[in-house]
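Here are my notes on this model, point by point. Please read them with the coordinates open.

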Amino acid sequence: MSNTRLIARLDVKGANLIKGIHLEGLRVIGSPNEHALRYYEQGIDELIYMDCVASLYGRNSLSELIKQAAENVFIPLTVGGGVRSADDVAHLLRCGADKVAVNTAAVSNPQLITEIARRFGSQCMVLSIEAKSVSPERWEVFTDNGRESTGIDVVDWAKQAAALGAGEILLTSVDREGTRKGFDLALVQAVTDSVNIPVIASGGMGKAQDAVEVVRMGADAVAMADILHYKRASLADIRTEASAGGIRVRTYE
């Protein structure tokens, strides 16, 4: 059994690290790479950079940020937002990304998942799913930072993407994002039960115990933002609580 990965999620708008609630009402937190370096020094396993306004402009603008990060931070970097093509992926990998997360473009052209997986390896192709609850036990895929509905069922889409070659799913609950109320456990369980690829749970972590609960539902990794940015718990605290809850995490001295 492998370790559960603890991941810091950095939502970026322009040059700023920002944080919203339900992916809206964005507040500036500070410099993305200063936070990235701090989390790296505290022993975070991976970092996710998401360009929050990329879909509006049709491109990802994190190139320089990723180049700088890759010089100082030696853990896997996932970059998402505005990725439209395999060439976009190649560019971000050259800048220092290890994996690339795709949402909107994959929804409009599912074959892009296969193209990216074939060209760069499935481990590089992360499907980003922004999920909103539409009825009990049913969730719909949203795009453009949780703004555009697609009518697509989340579980069906996760299965299709895994079959097309996605190596991992970044599963964000728009309903829980920024609320500190804990993850949407039913959503995570529904998706992890239906695919055989790793699922990163994102959206809602308010306390260390939330990580324990979501891993018990099948999550392979836990993405955290608010709890770290506002220093409401340290990585050491989260690691200690996870271990106490029977969750295997990387030991860090």
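1. Contact here means heavy atoms within 4.5 Å. On that criterion, and leaving aside neighbours within four places in sequence, Gln209 is in contact with Arg216 and Glu241. Keep in mind that this is a predicted model.

2. Where does Gln209 lie? It is in helix α9, residues 208-216. Its relative accessibility is 25%, so Gln209 counts as partly exposed; the buried class stops at under 20%. Glu241 is 32 residues away from Gln209 along the chain, yet the two C-alpha atoms are separated by 6.7 Å.

3. Helix α1 spans residues 32-42. Which of its residues are buried? Pro32, Asn33, His35, Ala36 and Tyr39 are. These five cover an arc of only 155° around the axis, which puts them on the same side of α1. Glu34 and Glu41 are exposed, on the other side of the helix. As background, an α-helix has 3.6 residues a turn, so residues three or four places apart point the same way.

4. Check the backbone just after α1. Gly43 takes a positive phi there, of about 100°.

5. How many aromatic pairs does the structure hold? It holds one. The partners are Tyr40 and Phe74, in an edge-to-face arrangement. Their centres are 6.2 Å apart, with 70° between the planes. Over 60 degrees is what edge-to-face requires. Tyr40 lies in helix α1 and Phe74 in the loop between α3 (63-72) and β5 (77-80), so the pair ties together parts that are 34 residues apart in sequence.

6. Phe74 is exposed, at 59%. The cut-off for exposed is over 50%.

7. Now the cavities. The count comes to four of 30 Å³ or more.

8. What lines the second largest cavity? The lining has 14 residues, and Lys19, Gly203, Gly204, Ala225 and Asp226 lie nearest the cavity centre. Elements giving two or more residues to this lining are β1 (5-13), β12 (221-224) and α10 (226-229). By class, the lining of the second largest cavity has five nonpolar, four polar and five charged residues. Gly counts as polar in that tally.

Definitions and conventions: Residues are numbered from 1 along each chain as its sequence is written. This is a predicted model: local features need pLDDT of at least 70, side-chain atom pairs count only at pLDDT 80 or more; totals for chains, interfaces and linings use all residues. Side-chain values use heavy atoms; hydrogens and water are left out. Buried means under 20% relative accessible area, exposed over 50%, partly exposed in between (1.4 Å probe, protein chains only). Helices (H or I, at least four residues) and strands (E, at least two) are DSSP runs, numbered from the N terminus. The arc is that of the directions from the helix axis to the C-beta atoms. Rings of Phe, Tyr and Trp (its six-membered ring) pair if their centres lie within 6.5 Å; planes under 30 degrees apart count as stacked, over 60 as edge-to-face and the rest as tilted. On a 1 Å grid over the protein atoms alone, a cavity is a set of points where a 1.4 Å probe fits but cannot get out, and a pocket is an open set with protein on both sides within 12 Å along at least five of seven lines; lining residues have an atom within 4 Å of a point. Grid points are joined across faces, edges and corners, and a volume is the space filled by probe spheres set on the points.
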